[in-house]
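Colleague: I am new to this structure. Before using it, I would like to hear how its labels were reached.

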Amino acid sequence: MTARTASRHAPVYAYELLDGAPPFGAYHGWDLPFLWKTSIPLSQYPDYEDMTPDQQRLSRAMTDYWTAFAHRGDPNTAGQPRWARTRHDSTSTLGLAGGTIARTPFATDHKCGFWANA
């Protein structure tokens, strides 16, 4: 909802990190070690060296997207699945998982229609 509302005023590229961390699943900040090879001892965050090969590929892809966005304002790069801008009527977003990067039905999965009318 926030990304769709913000997209009325500026370009927005939203994603959902689907590569979850047991037992909580992916949570706010879970993407940090995928982007900066962050090591946070005694935390649920994985160290880059302990990530699976799929997670390391995802980390490289996420870094490519973020670098392109910082450089050009558009995260899309050659060799990566296209990341479409979020619009006010978007019902999907880019889903990031270790083995797959693809559009995911975010609005349906998270019952956005219900919350929009609440």
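Colleague: What makes R57 and D54 a salt bridge?

Modeller: This is a predicted model, and in it the closest N and O atoms of R57 and D54 are 2.2 Å apart. The cut-off is 4 Å between a side-chain nitrogen of Lys or Arg and a carboxyl oxygen of Asp or Glu, so the pair qualifies as a salt bridge. By this rule the count comes to one.

Colleague: How are R57 and D54 placed in helix α3?

Modeller: Helix α3 covers residues 53-72, and the two are separated by about one helical turn because they are three residues apart in that helix.

Colleague: Why is R57 called partly exposed?

Modeller: R57 has 44% relative accessibility. Buried would need under 20% and exposed over 50%, so a value in between is called partly exposed. D54, at 32%, is also partly exposed.

Colleague: Which residues line the second largest pocket?

Modeller: The lining consists of Y15, E16, L17, A26, Y27, H28, G29, W30 and D31. About 190 Å³ of space lies in this pocket.

Colleague: How does that lining divide into nonpolar, polar and charged residues?

Modeller: Five are nonpolar, two polar and two charged. Asp and Glu count as charged, so E16 and D31 belong to the charged group.

Colleague: Which element has the lowest mean pLDDT?

Modeller: Helix α5, residues 112-116, has the lowest at 68, while α3 has the highest at 93. Where pLDDT is low, predicted coordinates should not be read in detail. For the chain, the mean pLDDT is 84, and 90% of residues reach 70 or more.

Terms used: Residues are numbered from 1 along each chain as its sequence is written. This is a predicted model: local features need pLDDT of at least 70, side-chain atom pairs count only at pLDDT 80 or more; totals for chains, interfaces and linings use all residues. Side-chain values use heavy atoms; hydrogens and water are left out. Helices (H or I, at least four residues) and strands (E, at least two) are DSSP runs, numbered from the N terminus. Buried means under 20% relative accessible area, exposed over 50%, partly exposed in between (1.4 Å probe, protein chains only). On a 1 Å grid over the protein atoms alone, a cavity is a set of points where a 1.4 Å probe fits but cannot get out, and a pocket is an open set with protein on both sides within 12 Å along at least five of seven lines; lining residues have an atom within 4 Å of a point. Grid points are joined across faces, edges and corners, and a volume is the space filled by probe spheres set on the points. pLDDT is the predictor's confidence in each residue, from 0 to 100.
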